[in-house]
Amino acid sequence: MMLARRLCGKAAGNLRVLGVETSCDDTAAAVVTGDGRVLGETNRHQHSVHAAYGGIVPGLAAAHHQAHLPLVLRETLQRAGLAIGDVDAVAVTRGPGMAASLGVGVAAAKALAAVHGLPLVGVHHMEAHALMARMGREGVVRFPFLCVLVSGGHTMTLVAHDVNAYSTIGSTRDDSAGEAFDKVARDLGLPWPDTQEGGGLGPALELIAARGDASRFPLPVPMDKSASANSPDFSFSGLKTHVRRLRESRAFDPLIAQDQADVAAAFQRAAVAHLRKKTALACRHARAMGVAVSCVVASGGVASNAAVRQALADVAAAEGVPLECPPPRLCTDNGVMIAWAGVERLRRGLLDPYTIDFIQRWPLDRLKEMPYVARASSFFDP
C-alpha cells in the first residue's frame, strides 16, 4: 500500500511534511519533520495591501495568494534543501477561513500531492493552532490538555482529548479577542505595523499599552456582573463598543500619544481579566467532565501578547499545571503549524482523498464526527 511503502523503514523523526497555509492573508509554507525540526519555511504577509482599507479585503487576499503561493512553495523547498519528491506528505489548511483564500491553497496542495503521488492531509486551522505547542514536545504537552485559542477569527476554550478529538467548553458570543484588539487599535488611530512578523494591529496596541495608565479609563470587564458571569463563553463586543463611545464622546483624543496609550492599557487590562476569568471557568468545567488535563495550552495570535500569557500562566499555576505556548512567532498563522498538524494526522493514518474541497465554516468539535478512516492512499475514497 502506498503509505506503508513510502513510510516503511522511516524513523518517526525522519518524516517530512510540507504544510500550506492560505486561510486568511498569510501565504505560508513550511517543511517540518516528525521530531519537530523546521527544515524550511516562508511567509508572505499582506499588511501593506490591506492597511489602506482598515481590514482584510477577501478578493485582494485571494489574488495575492494566487500570485505568491508558487514562489512561496519553491522558496520553502529550497530553504529545506529538498525536492518535492523528498517529502512524505502534503498538508493544507482546509478550513475554516475565507473561502477564496482557502480555495487557492487547497487547489495547489491537491495538485502538488496528486502529481507526485504524495499523501494529502486536510488540516483544520484551529486544530493546527491547538497542536502547535506539541511540536517536538509531545512528552511534555500530553493529551488531554486544556487549550485556549485566541486569534483574530476565534476565541474558545476546549479540551484536546487527542488528535481529531476535541470538546468545546466556551466560545465567543460575538467578536473574537483578536478582532477586538484590532478594532480598538483602529479607533485609537494606531498604524498597521510594517513588519513581516505577523499579528496585525494587536501587537501595535500591546506596545503602546506598555506606556499607558490603565486606571485613567476604568473599563468594565465583560460578563463580570451579569447572569452570564458563570458562563465559560466570551464576549468582547461590549468592551470594544465602550472604547468607541469614549472616542465619540471625546473623552480622549486619538491624536494625543498619551491618550492612545492610556486607553490601550485600559482596554488590554479589561480584556486580559476577561480571558483570565473565563479560562479559570473552563478549567472548572474540564474537572466536572472528569478530565485531568496535563497542562494549559495557549495558542493563536493573541497568545503572543505578554500580558495574556502571564494571566493564563497564573490560571494554570492555580490549577497545578504548567502553561505551554508556542514561540510567539508561531502563534500567528504560519505554515509550520499546518505541517506539524499534518505530521500528527499522518501518524494516525488520517489522510484525505484528492477530491476534498475547502470548508469555510467548520466547528472544531465537529472534526471527530467526520467520516475519517485509516487509508493507505489519497488516490481513492475507501
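A residue is called buried here when its relative accessible area is under 20%, exposed when that area is over 50%, and partly exposed in between (1.4 Å probe, protein chains only). The model is predicted, so local features need pLDDT of at least 70 and side-chain atom pairs count only at pLDDT 80 or more, while totals for chains, interfaces and linings use all residues. Residues are numbered from 1 along each chain as its sequence is written, and side-chain values use heavy atoms, with hydrogens and water left out.

Let's stay with Arg 287 for a moment. Its side chain meets that of Glu 319 in a salt bridge, 2.4 Å from N to O. The pair links distant parts of the chain, with Arg 287 in helix 9 (residues 257-288) and Glu 319 in helix 10 (residues 306-319), 32 residues apart. Glu 319 is partly exposed too, with a relative accessible area of 30%.

The structure holds 20 salt bridges. One of them joins the side chains of Glu 324 and Arg 137 at 2.7 Å, N to O. Glu 324 lies in strand 10 (residues 323-324) and Arg 137 in the loop between helix 5 (125-131) and strand 6 (145-150), so this contact ties together parts that are 187 residues apart in sequence. Glu 324 is buried, at 11% relative accessibility, whereas Arg 137 is partly exposed at 33%.

Another salt bridge brings together Asp 162 and Arg 348, at 3.1 Å from N to O. Because Asp 162 belongs to strand 7 (residues 155-162) and Arg 348 to the segment after helix 11 (335-347), the pair ties together parts 186 residues apart in sequence. Both residues also belong to a network of salt bridges that links Arg 134, Asp 162, Glu 344 and Arg 348.

Now turn to strand 1 (residues 16-21). Five of its six residues are buried, so this strand is largely enclosed by the rest of the structure. Two strands pair if DSSP finds at least two bridges between them. Six bridges join strand 1 to strand 2 (residues 27-33), and these two run antiparallel. They form a hairpin with five residues between them, and Leu 18 stands opposite Val 31 in strand 2. Strand 1 also pairs with strand 4 (residues 89-95), in the parallel sense, over four bridges; here the bridge partner of Val 20 is Val 92.

Methods
A salt bridge is a side-chain nitrogen of Lys or Arg within 4 Å of a carboxyl oxygen of Asp or Glu.
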